[in-house]
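Subject: Structure handover

Hello,

Here is the structure I promised to pass on. Please open it first, then read my notes below.

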Amino acid sequence: MKMKNLLYSLLTVGFLLCATSCMEIDNFDAPDARVSGRLIDKTTGQNFITDHGDTHIRIWEMSFSENPAPQGIPVQFDGTYNNERLFAGTYDMLPQNGPYWPADTIRGVRIGRSGATQNFEVTPYLHITDFEATLEGTMLTLSCRLSAPFKEMTINGVTVPIPNVLEVRPFLSLTQYCGAANYIGEYWTNDYRVNLRRPWDRIDTNGDGVSEETYKITIPVKKGYTYNVRMGANVNYTDQKFNYSEVKRIVVPND
Amino acid sequence: MTMKKNMNTYKYLFLAVIFGFIVSSCHDLDLEPKGIFDEGTLFNSDYGIRTYFGAIYNELPIEDLNYYHNRGYASGNNISNYWEGQKNSPAVLGGEAAGRRDGDGTPEYWPYERIRRINNFIEAIPDYSAIHSEQQINEYIGEARFLRAFYYFGMVKRYGGIPIIDKVQDPAAPLEELQTPRSTEYDSWKFIYEDLKFAMNNMAEKSVTGRANRYSAAALMTRAMLYAGSTANYFETLNITPGPAINAGLMGMQRDQAAEFYQYVIEAADFVQKGGYRLHDGANKEIAFTEVFTEDLNGVEDLFVKQFGEFGNSSIYNSRLHHSWDSMVLPLGTGLASDVGSALHPAWDLIRLYQMPAIAKENENGDLVPVRFNSLNDLWQSEEMEPRAKGTFFFSGMTELASKEVMDLQAGVYRKFPGTLADATADAQTNAYMEQYRIRTHAARGQVDVQTVDGVPNVKINGLYGLSLSGGDEGRSLTGAFIRKYVNPAATAGERGLYRSSTPFKVFRYAEVLLNRAEALYELGLLTGDESKKTEAFVYINQVRARAGARAYTMVASPKDVGLEINAVYPIDENLQFIRDERARELAFENHRFFDLRRWRVLHSKMENFYHRGLMGYYVVDEGKYIFLNDREKENRGLNYNRANYHQQIPGSQINRNPNLIRNDGH
């Protein structure tokens, strides 16, 4: 009888111990520090022309570790970025992956709950200029020229030339967003692009900073649709993302 | 009273004796477990050392017939569904074949626990000099260093510079000592070089099939140093924004470092040649080429072979003792595959490289039109087709030897074909021209659809083994041809199911050494402006072609730049492209192509929205003739390759353990 009671007491105590460990609440706060800002085209002062997620602001939480895993804040269609779910701390920040000359890391940015604003200035590899979109029946002709703000840059004491230009492509979309993150897949083919793959000197032969040729692409479109179109060109840097023209709206009439 | 005292005394005496036993037996608890061999048992005999090495050989990073592209090597730690390895082969992302594919492949590979066992051996074996002769000990150390170099090669070709650990680390050492940082990529390749050099000079001259000798080490040297040379030669063409890894030399090398590695390739290839290795050949070149993969050619063309287990009566499911090659490349049928069937389909991008009759010619207007054949068999029965191609593929009408089945393949019919090749080629599954004239079928497996077409009765639409629009991507042909290489021509019916193939995998063979040598020579000729090296390269290329039954190639004196054809980011001269194409022809489906395109840094350009095409045979009803077209395979799977993976990212789990590891740039 005594043994039985002892056994039951032990079991009860054991069970209670287990039960209490079930009721521990995760009492850590959710991260809620905020940072936002603009990615600015240094040569124009306007927001950088890009599409959702084509480029990122890469951040390292240096107050957490000396060799932290990097995180990325995607830059949106309008060239701004925003993240409200970071842990408060001191960060290094760097615009990355985008079609611009390498930028400098900004160190020691304090991001706290009250929010921080950090703008970045970058120089694009290319501008798409003289963008025209002409509709004839159901054939749309897009044309543009390329211009390079700089054909070389000195980074850390080394002068590097602009990487070779690769292609010019059209981007069509049925929503207000248009670019490499939002485009109608049928137009992404070798038939509808200009394949350049050559150094800038052979595109801008007279050295005035603008391509000699105007690049034309003609594509079929469908009646009754309204398209947002733009053209993009890329160079052979790490991510080969596109520099874009502005977006133009094309309404294709139903008859 | 005395009785109680006596009882108590006895009790205490009893307890004291028991206690005494316990204390004295504490010493005897320090025993070795009886089921495990310790170092002393293993290292003091040749048999024991072979047992020790056996486990190390077993886990070598060999991309064999069980290699699963995005799950990695079939190893003890990586279980389940090896049978899918064939259809998820790197051949898919290399453009050799259509199949399944998840991601860019090559997951985390960080085998330091295996390297530790090798380091343990190298440090301990000299203590056994009383039992083994000095020459024998050097042979063993040479073999251990060959194995170590093989493991490091698996890492360096993925990550670039890695921590070099060549001593046994003491687990009780302070953490800072154990957290070894990455060495530079150059030093990592040189480490592999030094290990292989020692192996070449010290390993045995000959070995049994399945074990390595000094020429296996030399063959690995040619492969590894060629990889290093290509990385040094082409890394800068990617223009990756330098970050901490590139600036510290951990990732990437410069072009002026390439020549040294190409030279190592040439020296090691010469070493293999002096060892008496040669290309296997025979009167019937088509059969001789298949024998390269199904016969034991130890001492002839085989430099290192990975063997699989004996076939028994039952398949050992999920075992890497066997593979599933026959079952996964032959169609389902009597005497053919008994499970799954045909899941890896040869692609036109590879087939078109071989010497074969033209399937298109210019008409009087200068447009390309399909050539008319009297029969689909005319393609491979022509003198123009190189025997090696017939040994690599089954084309429509060829007979599979073990089953005697004729590989009956037809993609459909055209009622008429009044147009040009361009009319019937699309960056899509169909177009207006095809809709107007082409007839295909949804016939089920085993069915041959016969229809009346434009009044002509009994027109056969498809072949027994393909193609049909139904049936998914397994079981029958998707591309108009099957893989023949490595298929067992003497298989019994039971040996063509999952896990029932044991054809040994030729890890290194002399043909690859010749191709490595030719590429290194030509690249060195380009770097140094030495024309004689370029000419010498084609001596070896033409040896490979002579065995293949293909015409010799004459080097072009002023080669043009063909890089633009594959959107390469650097110019490629047409002679060099021929050498690269010869590699593709000779080493098809041996899991080289993906790694070759990767080390040349052209994989991302070639694999941009890439769709596999086939060699589709059609019957043209109103002409009574056959044509071949290169339609996209019906599953319409597009591929891309993320160029960031030319240097994969260091595994996050390893950085958590060792924060001194600097991440690779470009991700």
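This is a predicted model: local features need pLDDT of at least 70, side-chain atom pairs count only at pLDDT 80 or more; totals for chains, interfaces and linings use all residues.

Residues are numbered from 1 along each chain as its sequence is written, and chains are lettered from A and ligands numbered from 1 in the order in which they are written.

B:Gly466 and B:Leu467 are joined by a cis peptide bond, with omega at about 0 degrees. B:Leu467 sits in the loop between β10 (456-460) and β11 (482-483) of chain B. Most residues other than glycine have a negative phi, and most peptide bonds are trans.

Two non-glycine residues have a positive phi. For B:Val340 phi is about 60 degrees. B:Val340 is in the loop between α13 (325-329) and β3 (345-346) of chain B. For B:Asn458 phi is about 55 degrees. B:Asn458 belongs to strand β10 of chain B.

How exposed are they? A residue is buried if 20 or more other C-beta atoms lie within 10 Å of its own, exposed if 12 or fewer, and partly exposed in between, with C-beta atoms placed from the backbone. B:Asn458 has 8 C-beta neighbours inside 10 Å, so it counts as exposed.

Helix packing in chain B

Axes are lines fitted to C-alpha atoms, for helices over the stretch in contact, and angles run from 0 to 180 degrees between N-to-C directions. Helix α18 (residues 510-528) of chain B packs on helix α20 (residues 574-586) of chain B at about 165 degrees, with axes 10 Å apart. So α18(B) is roughly antiparallel to α20(B) (over 145 degrees; under 35 is roughly parallel, 65 to 115 roughly perpendicular, the rest oblique). The crossing is left-handed (the near helix is turned anticlockwise from the far one by less than a right angle; clockwise would be right-handed). Contact means C-beta atoms, placed from the backbone, within 7 Å. Among the contacting residues are B:Leu515 and B:Tyr522 of α18(B) and B:Ile579 and B:Arg583 of α20(B). By class the contact has 6 nonpolar, 1 polar and 4 charged residues (Ala, Val, Leu, Ile, Met, Phe, Trp, Tyr, Cys and Pro are nonpolar, Asp, Glu, Lys and Arg charged, the others, Gly among them, polar).

Helix α6 (residues 134-159) and helix α9 (residues 214-234) of chain B cross at roughly 20 degrees, and their axes come within 11 Å. That makes α6(B) roughly parallel to α9(B). This crossing is left-handed. The contact includes B:Phe146, B:Phe150 and B:Phe153 of α6(B) and B:Leu220 and B:Tyr227 of α9(B). By class it has 8 nonpolar, 1 polar and 1 charged residues.

Chain A has 1 helix and 18 strands. Its C-alpha atoms fill a box of roughly 100 × 55 × 30 Å along the principal axes. Buried residues make up 29% of its 255 residues.

Where the chains touch, 12 residues come from chain B and 12 residues from chain A. The chain B side divides into 5 nonpolar, 6 polar and 1 charged.

Best wishes

Key: Two residues are in contact if their C-beta atoms, placed from the backbone, lie within 7 Å. Helices (H or I, at least four residues) and strands (E, at least two) are DSSP runs, numbered from the N terminus.
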